[in-house]
Amino acid sequence: MLEIIFFYVAATIALIATVMAMTRANAIHALIYLIVSLLAVAVIFFLIGAPFAAALEIVIYAGAIMVLFVFVIMMLNLGKAGDARERQWMQPKIWAGPALLSLILFVELILMIAEVEGAISGDMVTAKQVGQALFGPYVLAVEIAAMLLLAGLVGSYHLGRRYLEREQ
Amino acid sequence: MDAIPLNHILLVSSLLFCIGALGLMIRRNIIFILMSLEVMLNAAALAFVAAGAHWGQPDGQVVFLLILSVAAAEVAVGLGLVLQVQRRFKSLDMDRANRMGG
């Protein structure tokens with residue numbers, strides 16, 4: 001019973017934090033809200049019996065990827081003028097149309113989800129099982145992910161290097 | 001009933017996805033666009049892990065790992081592009097960057 005209460009609390013925090021992240025004018029404030037949202041999703045992963053996914057969510061998403069964002073925002077040095085311009089871009093007439101469209105999308109998703117039945121089975125999926133699946137039937141996917149990360153490394157090195165060269 | 005219903009988790013996941021899509025459409029700042037993409041990828045990952053937990057199989061978490069590596073590669077390249085856009089246009093407004101070639 002306690003699990004269910006924890007789940008609803010974590011889900012509410014995740015949703016509120018995400019909405020706040022999407023509507024802030026200041027990029028750093030939005031980033032902090034986004035980290036809170038990711039931590040809440042990690043709590044949900046723990047509650048549904050996926051501790052390995054929860055640990056990775058904290059270490060990689062909330063740790064590594066968000067730190068990349070923080071570094072880039074610090075390098076850009078946006079300041080107060082950026083905040084004012086962001087607020088100017090956030091007029092209701094700009095977000096009303098997209099809000100309606102994503103609401104329609106959400107209603108469609110709800111109608112499809114409504115047919116889903118069943119609950120989360122109580123047993124935990126351990127890191128050992130995940131590792132056995134990862135390097136058993138999914139080993140090709142691991143190699144493709146490795147090549148994708150290599151391509152990302154080369155691409156970001158190329159983009160970042162020329163940026164530094166021209167600045168000097 | 002003492003287990004979390006699957007469709008409530010899918011509901012949270014689809015709400016997160018729709019909020020991410022909304023953020024993607026309403027923001028013009030390229031950093032916020034990248035953050036919205038992260039939210040959408042995370043929502044999809046939540047749906048995968050929930051489905052994997054429902055059947056008690058590790059496949060959901062395997063796909064979560066693959067989504068994680070896709071997100072990491074996408075953010076690395078995306079933030080490199082942010083630096084380039086800021087350098088060339090002196091602004092983070094995506095609408096300024098509407099022409100190809102330099």
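How much accessible surface does chain A have, and what share of it belongs to carbon and sulfur atoms? The accessible surface comes to about 10,000 Å², and 72% of it belongs to carbon and sulfur atoms. Keep in mind that this is a predicted model.

**Chain A as a cartoon.** Chain A has 7 helices and 0 strands. Follow the chain along its sequence and the pattern reads α-α-α-α-α-α-α.

**Its dimensions.** Switch to the C-alpha trace. Along its principal axes, the trace of chain A spans about 55 × 40 × 30 Å. The radius of gyration of chain A is 20 Å, whereas a compact globule of 168 residues would have one near 15 Å.

**Its inside.** Colour chain A by burial. Of its 168 residues, 35% are buried. Now look at contacts in chain A between residues at least 6 apart in sequence: 59% of these join residues at least 24 apart.

**Its charges.** Select the charged side chains of chain A. There are 9 positive and 11 negative ones. The centres of the two sets lie 18 Å apart.

**The partner.** Bring chain B into view. Which chain does it touch, and with how many residues? Chain B puts 69 residues in contact with 78 residues of chain A. Between the two chains, about 7,000 Å² is buried, with carbon and sulfur atoms giving 78% of that area.

**Last stop.** Select B:Ile4, B:Gln61 and B:Leu83. These residues supply 10% of the area that chain B buries against chain A.

Technical notes
Residues are numbered from 1 along each chain as its sequence is written. Chains are lettered from A and ligands numbered from 1 in the order in which they are written. This is a predicted model: local features need pLDDT of at least 70, side-chain atom pairs count only at pLDDT 80 or more; totals for chains, interfaces and linings use all residues. Side-chain values use heavy atoms; hydrogens and water are left out. Helices (H or I, at least four residues) and strands (E, at least two) are DSSP runs, numbered from the N terminus. The radius of gyration is taken over C-alpha atoms; the globule rule is 2.2 Å times the number of residues to the power 0.38. Buried means under 20% relative accessible area, exposed over 50%, partly exposed in between (1.4 Å probe, protein chains only). Contact means heavy atoms within 4.5 Å. Accessible areas come from the Shrake-Rupley method with a 1.4 Å probe; for residues, only the protein chains shown count as cover. Lys and Arg count as positive and Asp and Glu as negative; His and the chain ends are not counted. The place of a charge is taken as NZ of Lys, CZ of Arg, CG of Asp or CD of Glu. Buried area is the accessible area (1.4 Å probe) that two parts lose on being put together, summed over both.
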